[in-house]
Amino acid sequence: MSIRILNNYCRLLVAGSWRRLATSSICQKGKDSADNKINKKERNEDNSKGEIEEELKSAVKSVAKSISGDEKQTERDLLQQLLKQTKVVSHSVSEVKPTTTPTSRDLLVNMTVKRFTEDQFENKGKSRIKTTRNNNENNRSGQQSRLVREGARTKYELFEGPDLGIFDPPSKQSAPAVPGEYDRTKTLRHKLEEEIRAKSSTPPSNAFQEMIRWTEDEKLWTFPINNEAGMKEEAKVGFHEHVFLDDQIADFPRKGPIRHFIELVVVGLSKNPYLSVSAKHEHINWFRQYFKEKEPVLRETLGDASKFSETAQKV
Amino acid sequence: MATSMKSIRKVILWNLSKKSRHFSTSQSHCNRHETEQLKRETPKLSGSTSEIVIPNRIPRGPTSILKALASTVERDPNAPAYYLVDDPYLYPTGFIPKKNYALSKAAGKRAAKHIVEQHPEFFQNDTSHPKVEAFMPPKTEYQTTGANEEALKERIEMRRVKDAIALYTEIKLEEMEVSEETLLDLLDLLCVYNNKDPPEELYGEETIYLSKHNRKAAKTWEDFTAAEKLFEDLPRKSARAYNTIVTGMAKGLASENAMSKYNEMLENRIPVDLETFHHLIEYGTMTADSHKEKWSLVTAMLHELKNQGLQPTLETFRCVLSALGSMASHQNSTHYVMKTLAEMKKLGIEPSLSCFANVLDVFYNKPNDRSDMLKKVVDYIWEKKVPINGSDDLHFFFLAMMKNSRTLKDVEIATKLEVLARKHDVISGPVQYVSVFYSLYFKLLCMYDTIEHVMEVYNQIVPHIWMLNTEEYEELFKAVELYEGYQYIPQIWSDMQFDLMKLNDIVNLVISSMAKVKHEEQLQNQFCDIAESLISRWISDQQFISTMRRPSRYLSLMLTATGMGDLITISCNGNRFNQAWLIFSTMKDNPNSFEGVPSGPAFTSLVELCIQNNKPEQAIDVVVYMCEHGLPDGKTSIEKIQTQMSLTDGQK
């Protein structure tokens, strides 16, 4: 019998388009417990429809019978409550846009889950008591807001519906970007904006992120370790320029102590990892200058072996 | 001999270079990886004789290994934030200690920087290879002086805006020639920094606690100052110049100027950059008088964008949605938002979280909006795994949680939001947003979820991510009482000890919860222990205060009369007569120290206990007290005593 009563309620609620209460009562249909009747009574008090129909009156009577206590009194109370609600609703009915003949199935489809999904109704027994308490609390404020937004509400789905119609989807063979007067990514402005964006605003959340930041700040070595890290100038110079310095002494005398000496100097320089190539050339130049200056003195002792050749001969 | 030497050298060189080639191939990890891959791949292709596809080289940067390692690590729920980690005894657990620790760490860094700046002479000896610029004292002096272009370039390089402006005015006075490139660079600098020096950088820890988020949009661009003057002085107003000045004005919220310059650009057919369009759409449309006009301006700009042959990007649509967010009260803005999202989908652009934040702004503009868009958005983010960039996206989560708690109050949405936020480390953002986020979430859980689930979440969040405040404790204890989760109270109590400043407000909550029901022995013993700690603390506080010269400076425990009554009830429930008597006598002896009026049931139970323990004198004391304070059940207690106990004549 209780299920039939519930069915009646559902139909009546649907007519007044109070979806949430209708669906919550539909959910309750599945449960046949003592709580049912108590919840029904509470919902009765918040029920609202256009007018009190005969069916509802009989339903009220049966509820009053099932609930222990003064039967007539409960009946009167319930009817009074209903009348009170109708006065409120009758104003709003004119404002409310009537939806196309809704069935309970439609309501379930459209129902917006306010607090609990149907799964949660099934699982959490205790929560049911809670929901009715909060249902009632919220209902009073919910009524007013509903009256305000009812007219403007339409259902939206993400990414569906009409679009702006301004742009075309990019085709695979889209024309290459017309090069403008200047390339924005090369301007100072772009660099400045990058700098501003790069200043990270939160502290690192673990040690690895801290190490990443230190690496980016150049405080930490990069992994895998590069022995030549930071040597930007030296990277441009090949090793052969350090090692093979024989070209530099092509104009020195080809025999004799000077040659011997400068060859030793070149061997030493080629093994020196601390000087740059230009520094090594400077060394050799210094010796060149020195021997050229001292040529008058050396000519007496060495003779031919002190002559520098004018043109550099490649050996 | 020369030729032989030459040929020998050639041979040596060629051999060496071959070897170096070999070394380089073996050193590059990728190639080795590739060859390994090939070796693994060939067995699969054993049947077919199809060609071997060599996979593309994956470029690895200097931090790739570290990033891979960082992706394997998640937040440890039992440890505080990384910057607060030290000896476990020193973990901060209240809001004030956390703030102190974080700011003191940042202050230490600032002090070190200050020393290096003030005394650069002590830091000149740097023998490190490669040199670390970050540790060296900053270069403050200019190499070039005088009114020339070199000096101007140097000022621009060092980002000294004010000096650059001063120098430029000098140059103008002397009527020197400056190249167009330098002038445009100077214009860029002025527009980006809005004619002021770059603001002082805050350390990460400081931004959490010290960042000020002003939501009010105020115009910061100064009219007719250096940037605009410079712009007027430019011999040729090129596209680059126009774009920079328009962007600068838009960012500084000087919308009228920006729009007028934009119209100039359109008249003179100067191509407008995509970024300029972005700024104009977001900020330049503020000049519009009505929402309708604003939207028409936005669409006009989008059309113009298309006419100039530019393709919109994610940033374009984010700006469109931001503009819609600022006109959210317009009745059609929801339609426009959906249209924009559909357009994004058509172009294959995935919306980011800031886009969704603006969507929420529009849909939930009024306080009582009840749309289901939030649920759809959160589900979309959850399923499609929209990329979340740490604390930059905190705004979205905060907004979503606020809207949820205002109208929808959906626990599922809130849980999803919180899980995502915690996983992607969104919560290391500014503390005011994080604390409100968790406050709303926790209150929602307490109201609509079971106590078991609440305590699960509690264990993960408290105390390191967030600590409860008074209102959240109230909700928590309501939930505890409703779901009868009294077994959690000792844990909550011990957590409360971390943040003793709030203890006075919440101690009454704890006591009343404990006193509600008589529990089984183990739990009741725990409650009695808590009660004992409270009363002994109160007594020692009072003694301490009496010895102090300025008692007001010490934050002592304050109990109310109802609280004391509850303590008595707890002790009676646990059959601890001595403890109950101690509480009672404290109450009797210090009548003015307890606010409020004592409650009846406590004393009746005390009388019962006295009777059980056969202490007639104490029972009489209690009854006298009850009658003095006009508590009900005094007479029944008297009767009980008279019937159940043997009394001497005097006591009668």
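**Figure 1. Overall content of chain B.** The secondary structure of chain B consists of 30 helices and zero strands. The model shown is a predicted one. Chain B has 652 residues, of which 48% count as buried. Its accessible surface comes to about 34,100 Å², and 53% of that surface belongs to carbon and sulfur atoms. Among the contacts in chain B with a separation of 6 or more, 67% are between residues 24 or more positions apart.

Figure 2. B:Glu418 counts as buried because its relative accessibility is 1%, and buried means under 20%. When neighbours within four places in sequence are left aside, B:Glu418 is in contact with B:Phe437, B:Tyr438, B:Tyr441 and B:Ile461.

**Figure 3. The loop that holds B:Leu310 in chain B.** This loop lies between helix H13 (291-307) and helix H14 (314-326) of chain B. With a relative accessibility of 23%, B:Leu310 counts as partly exposed. The C-alpha atoms of B:Leu310 and B:Asp273 are 8.4 Å apart in space, although the two residues are 37 residues apart in sequence. B:Asp273 is also one of the residues in contact with B:Leu310 once neighbours within four places in sequence are left aside.

**Figure 4. A positive surface patch on chain A.** The patch is formed by A:Lys61, A:Lys65, A:Lys72 and A:Arg76. Helix H4 (54-66) and helix H5 (71-95) of chain A are the elements that give two or more residues to this positive patch. A:Lys61 is found in helix H4 of chain A. A:Lys61 counts as partly exposed because its relative accessibility is 44%, and partly exposed covers values between the 20% limit for buried and the 50% limit for exposed.

**Figure 5. A negative surface patch with residues from chains A and B.** A:Glu216, A:Asp217 and A:Glu218 form this patch together with B:Glu133. B:Glu133 is found in the loop between helix H4 (95-118) and helix H5 (149-157) of chain B. At 51% relative accessibility, B:Glu133 counts as exposed, because exposed means over 50%.

Note on methods: Residues numbered from 1 in each chain as written. Chains lettered and ligands numbered in written order. Predicted model: local features only at pLDDT ≥ 70, side-chain atom pairs only at ≥ 80, totals over all residues. Heavy atoms only, no water. Patch = residues over 30% accessible without salt bridge, like charges linked within 9 Å, V, L, I, M, F, W, Y side chains within 5 Å. Areas by Shrake-Rupley, 256 points an atom, 1.4 Å probe, with all protein chains shown as cover. Salt bridge = Lys/Arg side-chain N within 4 Å of Asp/Glu carboxyl O. Lys, Arg positive; Asp, Glu negative; His and termini not counted. Charge placed at Lys NZ, Arg CZ, Asp CG, Glu CD. Helix = DSSP H or I, 4+ residues; strand = E, 2+ residues; numbered from the N terminus. Buried < 20%, exposed > 50% of the residue type's maximum accessible area, 1.4 Å probe, protein only. Contact = heavy atoms within 4.5 Å.
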